[in-house]
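Here are a few notes to go with your first look at this one. Have the viewer open while you read.

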Amino acid sequence: MTAPLVYVLSGPNLNRLGTREPEIYGSDTLDDIHRAVVTEARALGLVADCRQTNHEGELVDWLHEAVDVGADVVLNPGALTHYSYAVRDACAIVTTSGRSLVEVHLSNPATREEFRHTSVVAGVATGTIAGFGLQSYLLALRALV
Ligand code: DHK
């Protein structure tokens, strides 16, 4: 039997982790996060496919692809979290197809600027994990199993 597949998707500006506002996002790079995710996924009996894009449409395409290949999703939409109805609708396609989608954030947006207090994704996600840095991604994998 093949291990269940999880798409671990990160949105705009997350490729700059490590040097981007480390006091908020921590000093781990996205490569560090992806390495930890692959290791944790393996320990949990999952296979992780980790990707990052700065482009909304590409993220939408990957969410559609997750449905087509039968993958669950761990998603950090970056700032798209707060305003992208296109990403929200694509997340709804994932969860209404019977797949799980965990929204993750490195920081805790609820403690930050007002515009970050709204997530247009949260209402169609299976659940949300925020505020634990790299661990948010690993907790999301655990939530899936
Ligand atoms: C990442 C971003 O890029 C921000 O735009 C969000 C999120 C928060 C995070 O904490 O991972 O507001």
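The points below cover a helix pair and then the ligand site.

1. First, some ground rules: this is a predicted model, where local features need pLDDT of at least 70, side-chain atom pairs count only at pLDDT 80 or more, and totals for chains, interfaces and linings use all residues. Numbering starts from 1 along each chain as its sequence is written, and side-chain values use heavy atoms, with hydrogens and water left out.

2. Look at helix H3 (residues 56-69) and helix H4 (residues 85-96): their axes come within 9 Å and cross at roughly 5°. H3 and H4 are therefore roughly parallel to each other (angles under 35 degrees count as that).

3. Which residues of H3 meet H4? On the H3 side they are Glu56, Leu59, Val60, Leu63, His64 and Val67, and they meet Ala86, Val87, Ala90, Cys91, Ile93 and Val94 in H4 (contact means heavy atoms within 4.5 Å). By class, that contact has ten nonpolar, one polar and one charged residues.

4. Now the ligand. Among the residues surrounding the ligand are Arg20, Tyr25, Asn76, His82 and Arg112 (a heavy atom within 4 Å qualifies).

5. A polar side-chain atom of Ser107 sits 2.6 Å from a ligand oxygen atom. For Arg116, a polar side-chain atom lies 2.8 Å from an oxygen atom of the ligand. Taken alone the ligand exposes 310 Å², and the protein buries 99% of that (Shrake-Rupley method, 1.4 Å probe).

How values were computed: Axes fitted to C-alpha atoms, helices over the stretch in contact; angles between N-to-C directions. Helix = DSSP H or I, 4+ residues; strand = E, 2+ residues; numbered from the N terminus. Parallel < 35°, antiparallel > 145°, perpendicular 65-115°, else oblique. Nonpolar A, V, L, I, M, F, W, Y, C, P; charged D, E, K, R; others polar. Polar contact = N/O pair within 3.5 Å; in protein donor to acceptor, adjacent residues only side chain to side chain.
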